[in-house]
Each structure stands twice: as structure tokens, then as C-alpha cells.
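Please keep the sequence and the structure in view while reading.

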Amino acid sequence: MMAYLIRRMFYAIPILIGVNLLTFVLFFVVNSADDMARLHLGNKRVTDAAITEWKAERGYDKPLVWNSQASGMDALTDTIFYQKSVKLFAFDFGSSDSGRHIGYDISQRMWPSLALAIPIMIVGLAVNIAFSLILAFFRGSPLDFWGVVLCVAMMSISGLFYIIGGQVLLGKLWSLFPISGYDVGSNAAKFLVLPALIGVVSAIGSGSRWYRTLFLEEINKDFVRSARAKGLSEALVLAKHVFRNALIPILTGVVVVLPTLFMGSLLLESFFGIPGLGSYTIDAIQSQDFAIVRAMVFLGAVLYIVGLLLTDISYTLADPRVRLD
Amino acid sequence: MPFQPVILLTDAFIFLLLIMAGFLVWHVRRHEHLLEAWRQVGQRKVAMSAAVVLLFYVVIGVLDSMHFRPLAENADNKIQYDTKVLSVLDLALTQLREQKEKTYSAPFATHLYSKETIETLSGTQRDYPRLVYGGAHLGEGETVVADVLVTLIKSAALGVALTAFLYLLVYRFSARERWSQRGVGSHQVVWLTLTVLMSSLVALLWLSQNYHVLGTDKVGEDVLYQAIKSIRTGVVIGSLTTLVMLPAAIILGLMAGYFRGWVDDVIQYLYTTLSSVPGVLLIAAAVLMMQVYMSNNQAEFNTVLERSDMRLFFLCLILGITSWTGLCRLLRGETLKLGQLEYVQAAKAFGVSDWRILLRHITPNVMHIVLIVIVLDFSGLVLAEAVLSYINIGVDPSTHSWGNMINSARLELAREPVVWWSLLGAFVFMFILVLAANLLADAVRDAFDPRLKDQS
């Protein structure tokens with residue numbers, strides 16, 4: 001087990017190098033730093049001096065991968081590739097294009113993101129499981145049919161409409177919740193209820209339908225039939241035999257997204273003005289702050305890989321038949 | 001010629017897609033086992049109804065992809081074309097396109113949504129001014145409700161009549177029994193859906209002559225027109241993206257699964273790397289880079305339309321690059337399994353070349369996966385467009401799209417009183433398309449996935 005995990009960690013390294021190279025190529029090779037400077041300073045009537053200054057301020061004036069003017073190791077380290085890309089491996093994100101420290105911003109904004117994402121995940125899981133268990137219990141009946149239709153219909157509505165609808169209806173017209181904003185500590189709760197509610201509701205469609213398929217896959221298996229044959233009630237069969245076995249794919253589906261909860265929800269956070277990493281990313285995209293986008297791409301990849309690793313571990317914990325070696 | 005055809009990049013791909021769809025139909029008709037699976041889809045009432053709706057959207061999208069420049073009026077008899085590019089759909093919706101008001105007006109309104117100072121005989125007063133087009137034909141004492149109701153009834157009758165005509169036309173040339181033989185087992189549903197669609201189409205066209213059915217936006221443009229024009233963008237993104245990614249996904253997936261060894265390692269590494277970057281961020285990074293490129297090379301794009309079309313195509317490309325990994329992984333797994341089967345082993349023993357085995361023996365047997373992924377992805381991509389446009393990394397702001405409609409409507413919600421009809425328009429048109437795509441995708445998956453077939 002330990003040996004397997006260590007080997008998996010080593011597998012992650014080339015993937016991270018790949019992500020790093022990909023972002024480097026996207027951000028510095030496809031377009032030169034001059035292009036970026038021009039976009040930021042406005043296209044028209046930009047003096048060369050202004051571009052040079054913009055680049056120097058942000059450290060984009062170095063050569064790409066090889067500094068022929070420097071000597072020794074500096075030829076490699078005093079370059080954009082080393083300063084901006086390699087340093088990401090040490091989680092040194094550097095400064096954003098507007099001069100703020102990205103690492104500090106991330107450590108600050110992580111918590112509001114988690115405060116929103118964790119309740120959504122837990123409540124969403126409970127609601128989806130309950131709903132899909134009901135559908136599985138009444139499988140083949142009109143209730144099941146219309147339940148699935150409802151799920152498909154809910155899946156077909158863009159997430160934007162859930163957010164806008166919820167915000168206008170519950171926030172503005174009925175004034176049940178504040179429309180947007182955030183506060184520190186426990187005061188934040190009242191700002192989080194509405195976005196969390198919307199986050200849960202918008203995921204019911206796809207989540208419940210998927211869980212229902214998982215339950216139905218188990219429901220026809222032999223051991224479930226034997227359980228029924230020995231006289232157990234249908235509810236007990238569902239709760240003990242079906243549910244616990246279907247829990248394995250459900251749990252792994254949850255575990256793989258656990259680390260990425262840090263990244264927050266892009267839309268919810270930006271609509272409700274929650275200062276998390278999701279709105280941080282959106283703000284960066286909209287103000288075309290390449291340094292932040294680059295950092296978030298790398299961070300997202302790391303968290304995704306951690307998620308995959310956790311999935312493997314949770315498999316062995318949840319299902320003793322699976323051995324990793 | 002009275003017009004000069006203009007073929008934009010995405011138009012060309014749409015036509016290519018149509019040709020491929022035609023080829024697919026021809027191919028399916030010659031193969032009994034494929035026909036059988038499609039018959040199974042044909043038996044599902046919901047799926048057939050969804051297919052008719054989808055077909056409606058596709059027809060509108062194709063009509064909107066036939067672009068041309070009309071002949072411009074000029075004094076001397078030189079042949080000169082207008083600089084403005086229109087589509088066949090624009091031609092059909094000329095009234096809708098040209099009946100512009102001054103600013104916001106509610107659906108079926110006869111007056112503007114905001115008060116203005118009006119000059120009357122008895123001096124000036126602040127009131128809601130009369131619309132130029134909305135309800136302009138109404139005389140004294142005629143109410144909007146009565147007029148709309150009458151038009152609705154008339155257009156329902158016309159819709160039924162049109163469908164009945166079509167019904168007779170179809171069954172005049174091919175007997176009903178042959179249709180059931182071909183597998184359209186649920187023709188009542190098809191005709192019912194067609195009737196409903198025809199009636200609503202007639203009603204919309206009729207009503208929009210005299211009203212703004214979905215109101216007007218800030219600059220007085222008809223919202224219904226915007227929503228209809230957005231259909232093309234949605235259809236293009238949903239279909240072109242998959243078309244763009246298809247070759248890469250199929251070739252790499254098959255190669256990884258068949259050749260194994262280092263080829264497999266390299267391809268697996270490639271798609272794991274790409275899929276480990278969160279999708280939105282990769283798209284954002286690529287679109288940002290595209291924006292930089294386009295703003296630095298503005299000379300390459302002659303017109304605004306060409307530029308926005310290029311951007312739409314780039315967006316499809318980028319979405320395709322981020323979404324091919326899923327299909328590639330599925331194909332690799334399936335090819336791994338197929339490569340072990342006896343018929344492939346036999347082909348190998350007979351000395352058939354690897355490429356021939358891949359082409360003749362493996363590709364046809366993984367195509368069901370490709371088909372399922374194409375239809376399943378469609379709805380997700382249409383939804384993704386809206387979200388991307390909201391973050392400003394979607395289609396060009398000058399392109400009509402539901403995402404852009406939502407994006408601009410968001411600011412109007414903060415206005416007092418609320419302007420809600422842009423949102424309603426985008427919601428209804430998008431919801432119907434995505435719902436139909438989801439329902440059809442379900443039926444196609446059930447019919448083509450052998451794993452599901454064994455269970456039932």
C-alpha cells in the first residue's frame with residue numbers, strides 16, 4: 001500500500017511538469033510578453049518605453065529559457081521559465097500583474113470558498129441520495145418516471161438561471177436573504193445560506209439521476225435477490241444491501257472532488273460577492289491578469305491529482321476486495 | 001446575380017457536418033444491425049418528439065448559416081453588393097429585424113417601459129410613449145388580449161392545416177406501413193409534436209408582425225429576434241466542437257488501446273495532463289491568449305462578422321481540445337478489450353496489417369461509443385457556452401448568443417422595475433434545445449450501449 005502510494009506520487013511529477021510546460025507555452029510562447037503588455041496598456045499609442053517598463057516591473061523582460069548574458073547557473077535561473085514556471089513547483093506563485101502577492105491572496109481566499117463548498121457538498125449528497133433512493137424504491141412506477149423526467153428537466157436548465165432566479169426571487173423580491181456580500185466569522189452564515197441552497201438545488205438533477213442508475217445496477221444483483229428471498233422487507237434490502245454497495249462509487253465520486261473544493265465555485269461566488277478563490281479566478285480572467293490564471297491552472301492540476309490519489313486510497317478502505325500493490 | 005454568397009468558416013463546417021450526417025444516414029440504411037438500433041430509438045415516443053424539436057432547431061441553424069450579401073442600390077448600373085452580410089433566416093425575419101423601438105418595452109406592450117416627456121396638444125406631459133410598431137395596428141377600443149387571442153386561434157388552425165398538408169404529402173408517396181417498417185413506430189407523437197411546433201412557429205411569426213412577443217431590449221431590438229439568432233450559435237458550439245475533436249480522439253484512443261507499450265504510455269500521459277487542468281481554467285487561459293492574438297493581428301480580419309466568426313470557431317476548437325480526453329479514454333479501454341478478442345487475433349494470425357485491422361475490424365465496433373459521446377456532449381456544450389459568455393471568455397459580444405443575452409440581462413435585473421424578458425427568452429429557447437438533446441441522448445445511449453442492453 002505504502003509502496004503503491006509512493007509510486008503514484010512519482011507518477012504525478014511528470015504530469016505536473018506537463019501542466020507546467022503547457023501553461024508556459026500558452027502564456028509565453030504563443031504570445032510574447034510584448035503582446036500582453038500592449039493588451040494591458042491599451043492597444044493604441046503605446047510607447048516602447050511604457051512596454052519595457054511594464055515588462056520590467058513584472059519580471060517579463062528576461063529571456064524565455066536561456067539567458068546568454070548571465071553566467072553559470074544564472075543562465076538557467078534568470079529566465080522567465082525558471083522565475084515564473086519552475087517556481088510554481090515550490091508553490092511560489094509570485095506577484096499578480098497588479099502587484100499583489102498571489103500566495104497570500106490564495107491562503108486568505110481559500111476559507112470563504114470552503115465555507116461555501118463544504119455545506120453544498122454535504123447537503124447535496126444527502127439530498128441526492130435520499131431522492132434517488134426514493135426513486136429506486138418506486139422503480140418502474142409513475143413516480144419513478146416523473147422523478148426522472150424532473151431530473152432531466154432540472155439538468156437542462158443552465159446554472160446561471162438557478163443563480164439569477166434564486167437571487168431575484170428569494171433575495172430581491174421576497175427579501176429572505178441578503179442579495180450578496182460576505183462577513184467574517186459566524187456572521188458569514190446568513191450570506192452563505194442562499195448560495196448554498198442554489199448550489200444544492202442546481203445539482204439535484206444530474207446527481208440524483210446518476211445515483212439512481214448506481215442503485216438500479218445493484219438492485220438486480222444476485223445477493224440482493226437472495227436477501228429478498230430470505231424475506232427481508234424491500235426497505236431493509238435497499239438500506240442495507242443496495243445502499244451500502246452503491247456507496248462505493250458514490251464515495252469515490254465525492255473523494256475525487258474533495259481537494260478541488262478549495263478552488264471554490266466560479267459562478268456562485270462571483271454572483272454573491274463571496275471573496276473566495278472562485279471569484280478570485282473570475283476577477284483575474286476578466287481583468288486579464290495572466291499571473292493569477294497561471295497560478296490557478298497549476299494549483300487546480302495539483303489538487304486534481306491529489307484527488308485521484310485519494311480516490312485510490314478510498315477504494316481500498318471502502319472495498320476490501322481492492323488491493324493496491 | 002441578385003446576391004453574392006458569403007461562406008464563413010463555421011458555415012463551411014456546418015455544411016461539412018450536414019454532408020457527414022447524410023453519409024451516416026446512407027451508411028445506416030445499408031447495415032441491418034445499425035438500422036435495428038435506430039429502430040429502437042424510433043420506438044421511444046419521447047425521443048422521437050425530442051428529435052423533431054431538435055430538427056427544427058437544426059433547420060433554423062442551417063438557414064442562419066447560409067450567408068450572402070444582397071445587391072446594393074446604386075445610381076449607375078454597376079453591380080455592387082451591400083457590405084452587410086445577411087442570412088436566409090434574416091430574410092425570413094426581415095420585419096422582426098427592422099422593427100426597432102427606442103428602448104425597453106415589455107412583451108406585447110403598446111407603450112415604452114419608461115416615461116418620457118411627450119408633446120401633446122395641451123402642452124408637454126410625462127407619460128409612456130406609444131411604440132412605433134408594437135400594437136400599432138390596433139384601433140380605438142381594441143384590446144391587446146383580444147387581438148392576441150384571435151391571432152393565436154387563427155395560427156393554431158393554420159398550423160394544424162399545414163401539418164395535415166405535410167401529412168398527406170408524406171403518406172401520398174409512401175404508404176403508412178412502410179414507415180412503421182422503417183421503425184418510426186411512434187408516428188402519432190411525431191405528427192403531434194410537429195403540429196405543436198408548426199402552430200407556435202406560425203403564431204410567433206404572425207404575432208411578431210404587430211407585437212414584440214418577447215419585448216425589446218435597451219436599444220429597442222426585438223428580443224425574440226435575438227433569441228432566434230442565438231440558435232445558430234448554440235447549434236454550432238454543440239456540434240462543431242465534437243466534430244473538431246473527433247479525429248484526434250478516435251485516432252489516439254485506438255492507437256493507445258491497440259499498440260499498447262510506449263504508444264499507450266505517451267497518449268495516456270497526454271490526456272491525463274490535459275484533463276488534470278480544470279476545464280474552465282484551461283479554456284480561460286486559451287481564450288485569453290486568443291484575445292491577445294486577435295487584438296494584435298486585427299488586420300487579418302476584414303469585417304466584424306469575420307472576426308466574431310473566427311472567435312466562435314476558436315472557441316469550438318478550444319472546447320474540443322479540453323473535451324476530447326474523455327472520449328479518448330473510453331475508446332482506449334474499448335480497444336484494449338477488442339484487441340484481445342478472437343476475431344482480431346485471427347486477423348493478426350492471417351497476417352492482416354495493423355492499420356487494416358484497426359480500420360476494418362476495430363473502428364466499426366467502437367463507433368457506438370463515439371455516437372453516444374457526441375449526443376451526450378451536445379447539451380453540455382450548449383450550457384457551457386452560456387457560462388463562458390458570462391465570464392467574458394465565450395463568443396464575441398457582437399455575436400447573438402443566449403450567453404450574451406443572459407449576461408446583458410443580468411444588469412437589467414438590478415433596474416427598477418425589473419426587465420425580465422431577455423432572460424425569459426434565453427431561458428425558454430435554451431431550455432427546449434437542451435431538454436430535447438438530453439432526452440434524445442438518453443434514447444440513443446439505451447439503444448446503442450450493449451452494456452445496457454444486456455441488463456434489460
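## Where chain A meets chain B

In this predicted model, 41 residues of chain A are in contact with 37 residues of chain B. On the side of chain A that touches chain B, two or more residues come from each of H1, H2, helix H7 (142-155), helix H8 (159-173), helix H12 (266-272), helix H13 (277-286) and helix H14 (290-318) of chain A. Among these elements, H14(A) gives the most, with eight residues.

Sorted by class, the residues on the side of chain A that touches chain B comprise 28 nonpolar, 11 polar and two charged.

## Two domains in chain A

The domain assignment divides chain A into domain 1, covering 2-90, and domain 2, covering 112-318. The centres of these two domains of chain A, taken over C-alpha atoms, are separated by 36 Å, and 12 residues of domain 1 of chain A are in contact with 11 residues of domain 2 of chain A.

Which helices supply at least two residues each to the side of domain 1 of chain A that touches domain 2 of chain A? They are helix H1 (2-29) and helix H2 (33-41) of chain A, and H1(A) gives the most to this side, with eight residues. By class, the side of domain 1 of chain A that touches domain 2 of chain A has eight nonpolar residues, three polar residues and one charged residue.

## The buried residues of H2(A)

Within H2(A), the residues Ala33(A), Met36(A), Ala37(A) and Arg38(A) are buried. The cover over the buried residues of H2(A) includes H1, helix H3 (48-58) and H14 of chain A, together with helix H11 (279-296) of chain B.

## A pair of helices in chain B

In chain B, the axes of helix H15 (residues 402-413) and helix H16 (residues 421-448) come within 8 Å and cross at roughly 150 degrees. Because angles over 145 degrees count as roughly antiparallel, H15(B) is roughly antiparallel to H16(B). The crossing in which H15(B) passes H16(B) is left-handed.

From H15(B), the contact is made by Trp402(B), Met405(B), Ile406(B), Ser408(B), Ala409(B) and Glu412(B), while H16(B) contributes Ser422(B), Leu423(B), Gly425(B), Ala426(B), Phe429(B) and Met430(B). Taken by class, the residues of the contact of H15(B) with H16(B) are eight nonpolar, three polar and one charged.

Definitions and conventions:
Residues are numbered from 1 along each chain as its sequence is written. Chains are lettered from A and ligands numbered from 1 in the order in which they are written. This is a predicted model: local features need pLDDT of at least 70, side-chain atom pairs count only at pLDDT 80 or more; totals for chains, interfaces and linings use all residues. Domain bounds come from an automatic or database domain assignment. Two residues are in contact if their C-beta atoms, placed from the backbone, lie within 7 Å. Helices (H or I, at least four residues) and strands (E, at least two) are DSSP runs, numbered from the N terminus. Ala, Val, Leu, Ile, Met, Phe, Trp, Tyr, Cys and Pro count as nonpolar, Asp, Glu, Lys and Arg as charged, and the others, Gly among them, as polar. Axes are lines fitted to C-alpha atoms, for helices over the stretch in contact, and angles run from 0 to 180 degrees between N-to-C directions. Angles under 35 degrees count as roughly parallel, over 145 as roughly antiparallel, 65 to 115 as roughly perpendicular and the rest as oblique. A crossing is left-handed if the near helix is turned anticlockwise from the far one by less than a right angle, and right-handed if clockwise. A residue is buried if 20 or more other C-beta atoms lie within 10 Å of its own, exposed if 12 or fewer, and partly exposed in between; C-beta atoms are placed from the backbone.
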